Amino acid sequence: MDEDWHAEVPFPALLRAARRAYGTAVQAALAEAGYDDMPGNGSYVIGAVARGGASLSLIIQGLGVSKQAAGQLVDTLVVRGYVTRAPDPADRRRLTLTLTERGLGAGAAIRSAVEQVDAGLDRRVGPEYVAHARAVLAALIEASREAETGRQAETSREPREHGHG
C-alpha cells in the first residue's frame, strides 16, 4: 500500500475508519471478557459514566441521539445489569447513572482496548504524531461547537412570525 494513501481520502472517511478501528477493538475485548451483550453505543455510555459520572443529558448530547433513543439504550443497560439509574439527590428531575460490578468490569475491558489501540498508534507513528492528531481533532470539535453556538444565537435573534393576518 502506498505510504501516502491517506492524503487522497476525505477526512470524514478517515474519521469513520478510525472510529471503526476503536469500535472493533472494544467489541472484541468486551466479547472476550464475557460482555458480548453490550448494545450498540453502550460502550460510550459505560465509558462516560466511568470517566466521571457524566449526566444523562451530556451523554445524550455526546451520542447525538434523541432522548427517547438514549432512554432506550439506558433501559437496555439497566436490564442487562451494567448500570443502575436513580434520581439525582440534588435535582430530582435529573437521573444519575452508576456502574454496577458488571458495568465496572465492562468499563475495564473498554479502557484496556482503547489503551491497546493508543499504544499501537504510539508504536506506529510516535507519541508526537498522536499528540498532533489529538490537537487537530480537538480543534475540529471546538470549531463545530462554536459554529453550533453561532447557529443557536442566530436562530434566537430571528424574528418570529405570529401567524396574524
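Of the 165 residues in this chain, 21% count as buried, where buried means under 20% relative accessible area, exposed over 50%, and partly exposed in between (1.4 Å probe, protein chains only). This is a predicted model, in which local features need pLDDT of at least 70 and side-chain atom pairs count only at pLDDT 80 or more, while totals for chains, interfaces and linings use all residues. Residues are numbered from 1 along each chain as its sequence is written, and side-chain values use heavy atoms, with hydrogens and water left out.

Now for the overall form. The radius of gyration of the chain is 20 Å, whereas a compact globule of 165 residues would have one near 15 Å; the radius is taken over C-alpha atoms, and the globule rule is 2.2 Å times the number of residues to the power 0.38. Along the principal axes, the C-alpha atoms fill a box of roughly 65 × 45 × 25 Å.

The chain holds 6 helices and 2 strands, in the order α-α-α-α-β-β-α-α from the N terminus on. These are DSSP runs numbered from the N terminus (helices: H or I, at least four residues; strands: E, at least two).

Let's visit two residues. Glu 3 sits in the segment before helix H1 (11–32) and is exposed, with a relative accessible area of 70%. Further along, Ser 57 belongs to helix H3 (residues 56–63) and is partly exposed, at a relative accessible area of 47%. From Ser 57 to Ala 33 there are 24 residues in sequence and 29 Å in space, C-alpha to C-alpha.
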